[in-house]
Amino acid sequence: MWPDHDRPLFFDRQGRPIDVLAWAQKFEDRDYRFIAEWEMQDWRVATIWIGLDNGMGFVFGGPPAIFETAVFSLGAEDSVYDGQARYATEEAARAGHDQAVAWVTERLGLDSAGGVPGRDRETPC
């Protein structure tokens, strides 16, 4: 299947199409771009708005995947990068962030992310 060249590639946080200049301005704004961040020990979970349909929706159809959650482990015995997931909505991205934090806390042998003394930063909608 060939890409649909008439389909927009850039979207704001609400999923509305925008042009590349509007996307660049929004992308420069860290508070707009970052949805949530969490750090504990040598682990980091970051959820961001990428605003670019990075999920190949423009090739295969479906909603644009404009948010991404990534998990990084910075410890010497672990890999530098442990995974990512992409989402079409901010709500789904926030839920994915929570799932990623839960995965890390489980890997660290903790019961849950709630009350974990990690550094958490959430950006309001």
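**Close-up views of a predicted model**

Buried residues account for 38% of the 125 residues in the chain, and the views below are all taken from a model that is predicted.

**View 1. The whole chain and its order of elements.** When contacts between residues at least 6 apart in sequence are considered, 53% of them join residues at least 24 apart.

**View 2. Confidence along the chain.** The average pLDDT of the chain is 81, and 73% of the residues score at least 70. Among the elements, helix 1 (residues 20-28) has the highest mean pLDDT, at 97, whereas strand 5 (residues 119-122) has the lowest, at 52. Over residues 115-119 the pLDDT falls below 50, and this stretch has 11 contacts in the model beyond near neighbours in sequence.

**View 3. Strand 2 and its pairing with strand 1.** Strand 1 (residues 34-40) and strand 2 run antiparallel and are joined by 6 bridges; one of the pairings to look for in this view sets Glu-39 against Arg-44, its bridge partner in strand 2. Strand 2 itself spans residues 43-49, and because 6 of its 7 residues are buried, it is largely enclosed by the rest of the structure.

**View 4. The other partner of strand 2.** Strand 2 also pairs with strand 3 (residues 67-73), again in the antiparallel sense, and here the pairing extends over 7 bridges. Within this pairing, Val-45 stands opposite Val-71 of strand 3. As a guide to reading the side chains in such a view, those of a regular strand alternate between the two faces of the sheet.

**View 5. The turn of the hairpin at Gln-41.** Strand 1 and strand 2 form a hairpin with 2 residues between the strands, and Gln-41 is found in this loop. Gln-41 is not a glycine, yet its phi is positive, at about 50 degrees. Most residues other than glycine have a negative phi, which is the background against which this backbone angle may be read. Is the residue at this position, Gln-41, buried or exposed? Gln-41 is exposed, because its relative accessible area is 62%, which lies over the 50% cut-off for that class.

Key:
Residues are numbered from 1 along each chain as its sequence is written. This is a predicted model: local features need pLDDT of at least 70, side-chain atom pairs count only at pLDDT 80 or more; totals for chains, interfaces and linings use all residues. Side-chain values use heavy atoms; hydrogens and water are left out. Buried means under 20% relative accessible area, exposed over 50%, partly exposed in between (1.4 Å probe, protein chains only). Helices (H or I, at least four residues) and strands (E, at least two) are DSSP runs, numbered from the N terminus. Two strands pair if DSSP finds at least two bridges between them. pLDDT is the predictor's confidence in each residue, from 0 to 100. Contact means heavy atoms within 4.5 Å.
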